[in-house]
Amino acid sequence: MLKYNVRGENIEVTEALRDYVEKRLTKLEKYFDLSQDVIAHVNLKVYRDHSAKVEVTIPLPYLVLRAEETTDDMYRSIDFVSEKLERQIRKYKTRVNRKSREKGVEEFFIPEDVPVEEEKEEKTPMFKIVRNKRVNLKPMDPEEAILQMDMLEHDFFVFQDAETNGTSVVYRRNDGSYGLIETNE
């Protein structure tokens, strides 16, 4: 079951707005067998030019869904974000199902706890580190890591290589292709 953490920046989150967010995002539940509660983090922002930005992050045991959209209307931004998340889910499930058929694996996902993220501010003499994250690495192949990186809209992704059990990094190159960094452990 999805639970919602809806926050507003420069906007009061009214009951009608909260209900609309929940109504749109509840449609995503049909794609998952949620045996445990999952929290959808929703951030609503309004800027001085009256544009409205909606950011949604849904950490699941086997992937993190994230989307954001900015339009001139808050409700339209919510609609676009929910549609974007639904496209991401369908794309991911199609690739995972194809991969599991190729490998002859009945169940592709290994149940795990949601990765624990800790944020804190630290200062070093020369450089200022403004964010520190700690994550549990999930075994996967580079293709799945690239898919996860694209869904998070990041430029790199750190993962545990399922074949070598080593820590690896995939990254997006300037020409749009991808690179892979493997460690010698």
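**Getting to know the fold**

In this predicted model, β7, helix α3 (residues 142–152) and β8 form a right-handed β-α-β unit.

Me: In which sense do β7 and β8 pair, parallel or antiparallel?
Reply: β7 covers residues 139–140 and β8 covers residues 156–161. P139 has Q160 in β8 as its bridge partner. Two bridges join these strands, and the sense of the pairing is parallel.

Me: And β8 with β9, parallel or antiparallel?
Reply: β9 takes in residues 167–172, and five bridges tie it to β8. Along the way, F159 sits opposite S168 in β9. The two strands run antiparallel.

Me: Which residue takes a positive phi in the hairpin of β8 and β9?
Reply: That hairpin has five residues between its strands. The phi in question is near 60°, and the residue is N165.

Me: Over in the open sheet of four strands, which ones stand at the edges?
Reply: The order is β1-β2-β3-β4, with mixed pairing. β1 (2–9) and β4 (64–71) each have a single partner strand, so one side of each has no neighbour in the sheet. The edge strands are therefore β1 and β4.

Me: Which helix lies across β1, β2 and β3?
Reply: Look at residues 15–26, which run at about 135° to β1. That's helix α1.

Me: Is S77 buried or exposed?
Reply: S77 belongs to helix α2 (residues 74–103). Leaving out residues up to four places away in sequence, S77 touches A52, V54, E69, T70 and T71. Buried means under 20% relative accessible area. S77 has 0% relative accessibility, so it counts as buried.

Note on methods
Residues are numbered from 1 along each chain as its sequence is written. This is a predicted model: local features need pLDDT of at least 70, side-chain atom pairs count only at pLDDT 80 or more; totals for chains, interfaces and linings use all residues. Side-chain values use heavy atoms; hydrogens and water are left out. Two strands pair if DSSP finds at least two bridges between them. Contact means heavy atoms within 4.5 Å. Axes are lines fitted to C-alpha atoms, for helices over the stretch in contact, and angles run from 0 to 180 degrees between N-to-C directions. Buried means under 20% relative accessible area, exposed over 50%, partly exposed in between (1.4 Å probe, protein chains only). A crossover is right-handed if, with the strands pointing away from the viewer, the path from the first strand over the helix to the second runs clockwise.
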